[in-house]
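Grab your viewer and work through these exercises one at a time. Try each task before you read its solution.

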Amino acid sequence: MEHPIFQKLDGLPVIIYKAYQHGVWPNEIVRHLKGSAHAKPHEEAVQIQETIQRWENVAMGPEGIIIPHQINQAWPELPIYPNGLMCRRDSPRCRYIGRSMNSMRSHWRTVHGWTRQGSRGRVTPAERTRQEAEVRRSYILVKCQQIFPSRKGSHYIHVRGGETEPYIPVQTEQVNEAIAAVQKAIEATQTNTSSSHGEDIHDANS
């Protein structure tokens, strides 16, 4: 199923707006076609919308549609972004992908309650290395795509393959040592938390 302006996305019941390379719900086609990109007359826009709505296996809206968080092969109908940043602070449960460090830092702060900022004042070289190591282990570079530019289903989708570690401009040996130290500290914290929970349960039942 294809149209001069719209086409169906392979594998999903979603319509792609060719001019902008993103998804659009059939019920909103009239609004898009009457915009500045096409400036279609109302009657023609309605006719096109009704034609698309008659296509088989096409969802009229987001209800009941599951947009995946990762795919094995990129959709040729959509652009591929090579600069995706995928969170690893709660992997594999957290699948957030952003395309800037500002968005990633905002995600870390609001979702995971973490920031890279240490104590105020002058930062020692050792502390800076530890901070960079913590940042490095907190995300990975991926390729991604996006179907909808906003609202429900607008998250970036990880295209598997080609994942790389972020570049940190400090000596590799220092970063690797710091990463190991950070990981060890996290594991120790998790162990202590589990032990504390166990003691609380024992005390409550005694």
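Task: Find out which ring the charged end of R89 sits over, and which ring R99 lies over.

Solution. Start with R89: its charged end sits over the ring of W114, 4.1 Å from the centre. The rule here is that NZ of Lys or CZ of Arg must be within 6 Å of the ring centre and within 35 degrees of the ring normal. Next, go to R99, which lies over the face of Y81 at 3.8 Å from the ring centre.

A word on the ground rules before going on. This is a predicted model, where local features need pLDDT of at least 70 and side-chain atom pairs count only at pLDDT 80 or more, while totals for chains, interfaces and linings use all residues. Residues are numbered from 1 along each chain as its sequence is written, and side-chain values use heavy atoms, with hydrogens and water left out.

**Exercise 1: the five-stranded sheet**

Task: Work out the strand order of the open sheet of five strands, and then check the pairings.

Solution. Strands here are DSSP runs of E with at least two residues, helices are runs of H or I with at least four, and both are numbered from the N terminus. Two strands pair if DSSP finds at least two bridges between them.

- Step 1: the order reads β4-β8-β7-β5-β6, and the pairing is mixed. The edges are β4 (70–71) and β6 (97–98), each pairing on one side only.
- Step 2: begin at the β4 end. β4 and β8 (residues 157–164) run parallel, joined by two bridges, and I71 stands opposite V159 in β8.
- Step 3: move on to β7 and β8, which pair in the antiparallel sense over four bridges. Here C144 stands opposite H158 in β8.
- Step 4: β5 (residues 81–87) and β7 (residues 139–145) are antiparallel too, with five bridges. Across this pairing, M86 faces I140 in β7.
- Step 5: α3 (residues 101–111) lies across β5, β6 and β7, at about 15° to β5. That angle is between N-to-C directions on a scale from 0 to 180 degrees, with axes fitted to C-alpha atoms, for helices over the stretch in contact (heavy atoms within 4.5 Å).

**Exercise 2: rings and a positive phi**

Solution. Rings of Phe, Tyr and Trp (its six-membered ring) pair if their centres lie within 6.5 Å; planes under 30 degrees apart are stacked, over 60 edge-to-face, and the rest tilted. The whole structure holds six aromatic pairs.

For accessibility, buried means under 20% relative accessible area, exposed over 50%, and partly exposed in between (1.4 Å probe, protein chains only). Y17 is buried at 1%, whereas Y20 is partly exposed at 45%.

Most residues other than glycine have a negative phi. Q21 is partly exposed, at 38%. N57 also has a phi near 55°; N57 lies in the loop between α2 and β4 and is exposed at 63%.

**Exercise 3: the cysteines**

Solution. A disulfide needs two cysteine sulfur atoms within 2.5 Å. By that rule the count is zero. The closest cysteine sulfur to that of C94 is in C87, at 3.8 Å, so the two are too far apart for a bond. C94 is buried at 12% relative accessibility, and C144 is buried at 0%.
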